[in-house]
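Hi everyone, thanks for having me. Could you put the model up on the screen, please? I'd like to walk you through a few of its contacts.

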Amino acid sequence: MASRLIRDGLVESEPFNSISWQAQALFLRLMLKADDFGRYTAEPRLVRAAVFPIQLDHVSDLDVKTWIEECEEAALIVTYAVDGKRFLEIPRFDQ
């Protein structure tokens with residue numbers, strides 16, 4: 001797996017700071033799981049299992065769905081469908 005660098009400017013980002021702490025945690029974890037182009041599944045149950053593997057008793061599929069929506073509303077991610085499957089992309093992933 002490729003290594004990831006999360007720049008400290010993220011903490012000063014208005015879009016990042018406009019979402020809940022939980023959505024921020026999801027976003028950071030998505031950055032670690034996304035492919036080299038910043039893409040990942042947007043299916044809540046798969047995201048939950050992959051990014052919160054030790055917290056499955058504390059995080060629901062509905063929580064993840066809500067946090068994905070928060071990230072999308074803040075323009076931190078974009079979701080789309082291909083052949084009926086939901087995906088997300090982190091637009092500024094390479095910066």
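Let's begin with a term: a salt bridge is a side-chain nitrogen of Lys or Arg within 4 Å of a carboxyl oxygen of Asp or Glu. The background is simple: side chains of opposite charge can pair when their charged atoms come close. In this structure there are four salt bridges.

Before I show you some of them, a word on where the numbers come from. This is a predicted model, in which local features need pLDDT of at least 70 and side-chain atom pairs count only at pLDDT 80 or more, while totals for chains, interfaces and linings use all residues. Residues are numbered from 1 along each chain as its sequence is written, and side-chain values use heavy atoms, with hydrogens and water left out.

Now the bridges. One of them joins R39 to D35, with 3.7 Å from N to O. R39 is partly exposed at 33% relative accessibility, and D35 is partly exposed too, at 31%. Here, buried means under 20% relative accessible area, exposed means over 50%, and partly exposed is in between, using a 1.4 Å probe and protein chains only.

Another bridge links E43 with R45, whose closest N and O atoms are 3.8 Å apart. Then there is D61 with R48, at 3.4 Å from N to O. What does this pair tie together? D61 sits in helix α4 and R48 in helix α3, so the bridge connects parts that are 13 residues apart in sequence. Helices (H or I, at least four residues) and strands (E, at least two) are DSSP runs, numbered from the N terminus.

Let's stay with α3, residues 44–51. Which of its residues are buried? They are P44, V47 and V51. These residues cover an arc of only 65° around the axis, so they lie on the same side of α3; the arc is that of the directions from the helix axis to the C-beta atoms. As a rule, an α-helix has 3.6 residues a turn, so residues three or four places apart point the same way. The buried residues of α3 pack against α2 (21–33), β1 (39–41) and α4 (61–73), where contact means heavy atoms within 4.5 Å.

Last stop: the rings. Searching the whole structure gives three aromatic pairs. In one of them, Y80 and F87 have ring centres 5.9 Å apart and planes at 25°, so the pair is stacked. Rings of Phe, Tyr and Trp (its six-membered ring) pair if their centres lie within 6.5 Å; planes under 30 degrees apart count as stacked, over 60 as edge-to-face and the rest as tilted. Y80 is partly exposed at 27% relative accessibility, and F87 is partly exposed with a relative accessible area of 27%.
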